[in-house]
Amino acid sequence: MLPARRRALVAAWTRRLLVLGVACLVAYAARRTFFAGARTLPGDGQTAVRYWELARASFARGDGFPLWDRSECGGLPFVGNPEAPFVSALFAALFGVGGEAMARWYATLGIVVAITGVYAWARRVFALSTTSALFSGAIFGASGFVCGHFAGHASFVPFALTPWILLLARLGEDDPRAALGAGALLGLSTLEGGSYATPYTLLALAITEGPRLLSQGRASKVLRLGALVLASFALVAGVKLYPALVELARHPRRIPETDHQAWTDLIPAFIETRAGGPLGHAYDVDEYRAYVGPLVVGFAIAGAGA
């Protein structure tokens, strides 16, 4: 190997290790803030802990990994539950990791994946500098929305895969393997209970890829990319999708959905600064600050002006 090429290779791997190290430090600091500081919202993270414990106990008894037998899952479906963390539960079962330890490290790993994903996406797609891309990843990974919800809602952790999926989709415009990889990661998100992350990531893919390619007159690229992503997604996520559809068919919703917010509720939701909310729709002030609030409105106004 030529000296110049060797130096470039060493520099590239040094930069990657540095980015990974910074991501781990940011994730650890975020975990200390949101876990140790008790600044997280209770949510379906407790459900994930239960599933991790059920999988570990079932495997330890010699009953194998729980799938359909409700008696092994506390009366709940496992593989048929869209929000059950399938892959991480299998890890907990195989290695005997407790639910509380899984909850801490699962969210921490998710933050690392989110930071490095944004970094790689910003570098490759937007050609940002190393510092700018890493700063963008840290802002995303350590944000109140990501950390606060990763700690309280295990089904939000698959959002960490979204920037990686967007990156692979962009590369998949010319490389079918990358398109298949994007679909596989989207399927992994679904296997991990990404009932929130999967539809929003699909929407993000449609917004970031569709209009841009169509404006460039590359409709065939849109069709090929979409077909490859969806085919790979269906093959990976089918393990979870089919049982979930069976569960939904067995237990149809008997009560019509009549509870909804009016469009006028958005005004106080975006400008209110005290705890509480629109009449009849109380919300936690910390969750409100994680989503919206005067800071976000200020950024929106500044962005519109820019």
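**Briefing: an all-helix predicted model**

Of the contacts in the protein chain with a separation of 6 or more, 68% join residues 24 or more positions apart. The model is predicted. Its secondary structure comes to 13 helices and zero strands. Of the 306 residues, 39% count as buried.

**Fold**

- Read along the sequence, the pattern is α-α-α-α-α-α-α-α-α-α-α-α-α.

**Helix α8**

- Helix α8 covers residues 176–191.
- Its 16 residues should span 22 Å at 1.5 Å a residue. The end C-alpha atoms are 23 Å apart, which agrees.
- The buried residues of α8 are Ala178, Ala179, Ala182, Gly183, Leu186, Gly187, Ser189, Thr190 and Leu191.
- These buried residues pack against α3, α7 (162–171), α9 and α10 (219–250).
- An α-helix has 3.6 residues a turn, so residues three or four places apart point the same way.

**Ser189, a residue of α8**

- Ser189 lies in helix α8.
- With a relative accessible area of 1%, Ser189 counts as buried because the cut-off is under 20%.
- Beyond its neighbours within four places in sequence, Ser189 is in contact with Pro158, Leu161, Gly194, Ala197 and Thr198.

**Helix α7**

- In α7, the residues Thr162, Pro163, Ile165, Leu166, Leu167 and Ala169 are buried.
- The cover over these buried residues includes α4, α8, α9 and α10.
- Helix α7 is also among the packing partners of the buried residues of α8.

**Second largest pocket**

- The second largest pocket has a volume of about 370 Å³.
- Its lining counts 18 residues. Nearest its centre lie Ser88, Tyr106, Leu109, Val157 and Glu192.
- Three helices each supply at least two lining residues: α3 (86–95), α4 (99–126) and α8 (176–191).
- Helix α4 gives the largest share of the lining, seven residues.
- By type, the lining divides into 14 nonpolar, three polar and one charged.
- Rolling a probe the size of a water molecule over the atoms shows where empty space is left.

**Salt bridges**

- A search of the whole structure finds eight salt bridges. Three of them, among the eight, are described here.
- Side chains of opposite charge can pair when their charged atoms come close.
- *Glu53 and Arg56.* The closest N and O atoms of this salt bridge are 2.8 Å apart. Both residues lie in helix α2 (residues 45–61). They are three residues apart, about one turn of the helix. Glu53 is partly exposed, with a relative accessible area of 29%. Arg56 is partly exposed, also with a relative accessible area of 29%.
- *Asp175 and Arg177.* The closest N and O atoms of this salt bridge are 3.2 Å apart. Asp175 is partly exposed at 25% relative accessibility. Arg177 is exposed at 67%.
- *Glu209 and Arg212.* Their side chains meet in a salt bridge of 3.4 Å, N to O. Because they sit three residues apart in helix α9 (residues 197–215), about one helical turn separates them. Glu209 is buried at 4% relative accessibility. Arg212 is partly exposed, with a relative accessible area of 23%.
- *Network.* Salt bridges that share partners join Arg170, Glu173, Glu209, Arg212 and Arg218 into one network.

**Loop residue Ala127**

- Ala127 is found in the loop between α4 and α5 (130–141).
- Most residues other than glycine have a negative phi, and most peptide bonds are trans.
- Ala127 has a positive phi of about 55 degrees, although it is not a glycine.
- Ala127 counts as exposed, at 63% relative accessibility.

Definitions and conventions. Residues are numbered from 1 along each chain as its sequence is written. This is a predicted model: local features need pLDDT of at least 70, side-chain atom pairs count only at pLDDT 80 or more; totals for chains, interfaces and linings use all residues. Side-chain values use heavy atoms; hydrogens and water are left out. On a 1 Å grid over the protein atoms alone, a cavity is a set of points where a 1.4 Å probe fits but cannot get out, and a pocket is an open set with protein on both sides within 12 Å along at least five of seven lines; lining residues have an atom within 4 Å of a point. Grid points are joined across faces, edges and corners, and a volume is the space filled by probe spheres set on the points. Helices (H or I, at least four residues) and strands (E, at least two) are DSSP runs, numbered from the N terminus. Ala, Val, Leu, Ile, Met, Phe, Trp, Tyr, Cys and Pro count as nonpolar, Asp, Glu, Lys and Arg as charged, and the others, Gly among them, as polar. A salt bridge is a side-chain nitrogen of Lys or Arg within 4 Å of a carboxyl oxygen of Asp or Glu. Buried means under 20% relative accessible area, exposed over 50%, partly exposed in between (1.4 Å probe, protein chains only). The expected span of a helix is 1.5 Å times one less than its number of residues. Contact means heavy atoms within 4.5 Å.
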